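These are my notes from going through one model.

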Amino acid sequence: MSQTTGAEAAAVQTAASPTGGGSAADVIRVVVAKPGLDGHDRGAKVVARALRDAGMEVIYTGLHQTPEQIVEAAIQEDADVVGLSVLSGAHLTLFARVVELLAERDAADIIVFGGGIIPEDDIPELERLGVAKVFTPGATTTEIVGWVREHVHAD
């Protein structure tokens, strides 16, 4: 099992042209991140690939990112949305901190969604904290892609 280094994470950044035409400004920019000490990123990579294959520009930050690093990447990359994946049980703390930091940096317009091993009982609290959507095991990549498309630029 391999671990993604910072250099490898940068190499995972993949841009895809929008399908069906449209300008570069119409391309949805997504930061996919693994906050905390959780070392399992297969699901995050699968989601990142599905979003990329759907014509979105995806920046995967790699493993063991702090909320501060994730927010900095989202702002620097002019992201529309941040997707967080947590399997370690630290979702309430980590997701809340990302949302809080985005607000502090005047970037609360960046939509945050998450997934991983998250108990159903925690989902209302995550939504109250500002996480727009939580995908649990069994969610399909088609469902995730559709949700992102529907909620980004939905003003």
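Strands here are DSSP E runs of at least two residues and helices are H or I runs of at least four, both numbered from the N terminus. The pairing of β4 with β5 (residues 133-135) is parallel and has three bridges; I count two strands as paired if DSSP finds at least two bridges between them.

I note that the model is predicted, with local features needing pLDDT of at least 70, side-chain atom pairs counting only at pLDDT 80 or more, and totals for chains, interfaces and linings using all residues. Residues are numbered from 1 along each chain as its sequence is written, and side-chain values use heavy atoms, with hydrogens and water left out.

I then checked the β3 side of β4. Strand β3 (residues 81-86) runs parallel to β4 and is joined to it by six bridges. G83 is the residue opposite F113 there.

I followed the connections next. β3, helix α4 (residues 91-104) and β4 form a right-handed β-α-β unit. Right-handed means that, with the strands pointing away from the viewer, the path from the first strand over the helix to the second runs clockwise. β4, helix α5 (residues 123-129) and β5 also form a right-handed β-α-β unit.

I asked why β4 is largely enclosed by the rest of the structure. The reason is that six of the six residues in β4 (residues 111-116) are buried, meaning under 20% relative accessible area with a 1.4 Å probe, protein chains only. I111, F113 and G115 point one way, V112, G114 and G116 the other, and all are buried.

I moved to Q65, which sits in the loop between β2 (57-60) and α3 (67-76). Q65 counts as buried because its relative accessibility is 14%. A polar atom of the Q65 side chain is 3.4 Å from the backbone oxygen of T61. Setting aside neighbours within four places in sequence, I list K34, P35, G36 and I70 as contacts of Q65, with contact meaning heavy atoms within 4.5 Å.

Of its 155 residues, 46% are buried. Among contacts between residues at least 6 apart in sequence, 73% join residues at least 24 apart.

Note on methods:
Buried means under 20% relative accessible area, exposed over 50%, partly exposed in between (1.4 Å probe, protein chains only). A polar contact is a pair of N or O atoms within 3.5 Å; within protein, one must be able to donate a hydrogen and the other to accept it, and residues adjacent in sequence count only if both atoms are side-chain atoms.
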